Structure formats: structure tokens, C-alpha cells
Amino acid sequence: MNPIEQAGILIEALPYIREYHDQIVVIKYGGNAMIDEDLKKAVIQDVLLLHLVGIHVVLVHGGGPDISRMLTKTNIPSHFENGLRVTSQETMEVVQMVLCGKVNKDLVNLFDGLGVGLSGLDGGLFRAIPHQDETGTDYGYVGEIQCVDPQIVLDVIDKGYIPVISSVASGMDEPSTYNINADTAASKLASALHAKKLILLTDVPGLMEDPNDPETLIKQLKVSEVPALVMSGIISGGMIPKVDCCVEAVRQGVERANIQDGRIPHSVLIELLSDTGIGTMFS
């Protein structure tokens with residue numbers, strides 16, 4: 001690429017930098033982008049670049065594979081029901097140790113002194129009740145967020161740092177700790193922060209009419225169109241909760257929400273700062 005072409009890329013990014021300058025973007029970080037070292041490096045570079053041009057990025061992460069490894073090492077049995085890890089008190093202690101400790105601090109350490117690690121326990125950020133669904137399954141310490149107080153995140157942003165947040169929560173009425181789905185935590189936080197954009201990094205290209213054909217990617221979608229796609233079966237399985245997170249965020253005031261492929265290097269920059277965009281955008 002010659003210097004003129006390189007300059008063209010920067011010029012293309014300029015209106016988007018203006019649009020997002022001093023705005024909040026919440027990114028749910030997970031999947032292969034969190035495991036593959038090259039992809040991890042690309043995400044960190046994207047976030048640092050956005051931060052340096054005046055865009056306030058908030059990173060929300062899970063850490064399922066790290067939790068599973070630690071549970072195996074400590075001989076604590078673990079199983080899933082309806083896609084959720086059933087979380088005993090013993091399991092929750094490991095979840096808190098791994099997410100709020102190792103995973104969070106390892107990520108913070110990559111941000112050249114600009115990251116600040118938080119969890120949903122800090123400053124009363126997330127408060128939750130036990131998760132319940134129509135199956136009546138007892139999931140233990142799996143929580144549903146009922147209350148978000150984003151002040152501590154705003155304080156970190158105001159000080160010029162990048163908040164890096166692990167997805168656990170305090171109990172609403174008791175001193176318990178709950179395991180929270182990271183997609184849900186990111187969606188709830190984006191709404192509370194009045195974020196301009198929510199990005200859910202996944203291991204698929206986005207919402208597709210045919211899950212086996214990336215060429216059928218639906219690039220843009222109004223939230224009013226979602227029920228019909230659920231009824232038709234296009235939105236199904238594990239995509240339903242991710243779409244629900246995007247729909248809820250948009251309905252609560254987030255301008256746009258994206259489900260996009262975190263396996264593509266620099267997908268965050270492609271979505272935010274280029275004409276091309278990536279994934280499925282809800283508005």
C-alpha cells in the first residue's frame with residue numbers, strides 16, 4: 001500500500017472519529033478473540049487507538065474457558081443446563097477468583113497503564129437476583145441484573161482510563177455474588193451509560209438467514225423486524241439471547257448495537273471507523 005492509499009484510509013476514518021469523539025462505546029469481549037493471542041493483540045490495539053482519538057471504550061469480559069480449566073484443576077464438578085453453567089457456592093468462588101482476578105488483571109496489564117480493572121461488585125455496579133426461567137431449573141448463583149449504578153465506570157472514564165469489567169454481580173438484598181452472562185452485562189451497562197454503540201464480539205459473522213452460509217449475512221436490522229425473524233426461525237438457538245441483548249439496548253436508548261465476528265483481526269476498527277462496517281447492526 002502506497003502513502004496515498006494509507007492517507008485515504010485515515011481520511012475515510014475522519015467522519016467516524018468525529019461522530020464517536022467523546023462518546024461511549026461498550027464492547028463485550030469474548031470467544032476466540034479472547035483466546036487467540038494474535039486476535040487478543042488486535043482487540044487491545046483497536047481499543048487503545050480508539051481511546052487515543054477520544055472515544056471512550058468500556059470493555060466487558062467473561063472467561064468461560066479459564067473458569068472451566070480452574071474447576072478441572074481443583075476437582076470441582078461443573079455442568080451446564082440450557083446453556084448456562086450451574087453455579088454452586090463452591091463454583092462461584094472459583095468464578096469470582098478467575099474473572100475478577102486472573103482474567104481481569106491479565107487484560108488490564110495489556111493496556112499500557114491505561115486500563116483499570118473493575119467487577120460488577122465494585123461501587124455497586126451490578127446488583128442481581130437468582131436467574132429463573134420457564135424450565136424451573138435451579139442454576140444456583142447465576143444472576144439476572146436488576147440494578148446498574150454506572151457511576152464508578154464514569155469516574156474511571158473521567159480520569160482518562162479504560163474500564164475493564166468482569167461480569168459478576170452483588171446480590172440485591174443479601175451479601176451474595178452472582179455469575180452474570182457477559183453479553184447481558186454489556187447490554188445493561190451500555191443502556192445505563194447511554195452509550196452510542198454496543199458491540200458483541202462473537203465467533204460467527206453475525207446474524208445470517210442461513211447459519212451455514214456467510215453470504216446470507218443480514219447487515220442491518222430494525223428492532224421492530226426481530227419478532228418476525230424469530231417466528232420464521234432465522235433467529236434461533238444461541239443467537240436468540242445475543243439478539244435480545246441488542247434489542248434491549250437499543251430500546252433503552254443505545255443508538256446502535258452490533259453482533260460481529262471477533263475472529264476477524266481489527267473488527268472493532270472496521271466497524272467503527274470504516275465505510276465497510278462488519279457484522280449485523282441493530283437500530
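**Figure 1. A salt bridge between Asp183 and Lys28.** In this predicted model, Asp183 and Lys28 form a salt bridge whose closest N and O atoms are 3.4 Å apart. The pair links distant parts of the chain, with Asp183 in helix H7 and Lys28 in strand E1, 155 residues apart. Both Asp183 and Lys28 are buried. The structure holds eleven salt bridges.

Figure 2. The side chains of Glu255 and Lys196 meet in a salt bridge, at 3.0 Å from N to O. Glu255 belongs to the loop between H9 and E13, and Lys196 to the loop between H7 and E11; the two residues are 59 apart in the chain. Glu255 is partly exposed, with a relative accessible area of 38%, whereas Lys196 counts as buried at 11%. A network of salt bridges links Glu19, Lys196, Glu255 and Arg256.

**Figure 3. The salt bridge of Lys197 and Glu271.** The side chains of Lys197 and Glu271 meet at 2.7 Å, N to O. Because Lys197 lies in strand E11 and Glu271 in helix H10 (residues 267-273), the pair ties together parts that are 74 residues apart in sequence. Lys197 is buried, with a relative accessible area of 0%, and Glu271 counts as buried at 11%.

**Figure 4. The open sheet and its edge strand E12.** Eight strands form an open sheet of mixed pairing, in the order E5-E8-E2-E1-E11-E13-E14-E12. E5 and E12 (220-221) stand at the edges, each with a single partner strand, so one side of each has no neighbour in the sheet. E12 runs parallel to strand E14 (residues 280-282), and two bridges join them. Gln220 stands opposite Met281 in E14. Helix H9 (residues 239-251) lies across E1, E11, E13 and E14, running at about 155° to E13.

**Figure 5. Helix H6 and its buried side.** Val153, Val156 and Ile157 are buried in helix H6 (residues 151-158). These residues cover an arc of only 100° around the axis, which puts them on the same side of H6. Their cover includes strands E1, E2, E5 and E8 together with helix H7 (182-192). H6 lies across E1, E2, E5 and E8, running at about 150° to E8. Gly160, with a positive phi near 90°, follows H6.

**Figure 6. Cysteines without disulfides.** The structure holds zero disulfides. For Cys147, the nearest cysteine sulfur is that of Cys245, 18 Å away; for Cys246, the nearest is also that of Cys245, at 6.9 Å. Cys147 is partly exposed, with a relative accessible area of 33%, while Cys246 counts as buried at 0%.

Technical notes
Residues numbered from 1 in each chain as written. Predicted model: local features only at pLDDT ≥ 70, side-chain atom pairs only at ≥ 80, totals over all residues. Heavy atoms only, no water. Buried < 20%, exposed > 50% of the residue type's maximum accessible area, 1.4 Å probe, protein only. Helix = DSSP H or I, 4+ residues; strand = E, 2+ residues; numbered from the N terminus. Arc of directions from axis to C-beta. Contact = heavy atoms within 4.5 Å. Pairing = 2+ DSSP bridges. Axes fitted to C-alpha atoms, helices over the stretch in contact; angles between N-to-C directions. Disulfide = S-S within 2.5 Å. Salt bridge = Lys/Arg side-chain N within 4 Å of Asp/Glu carboxyl O.
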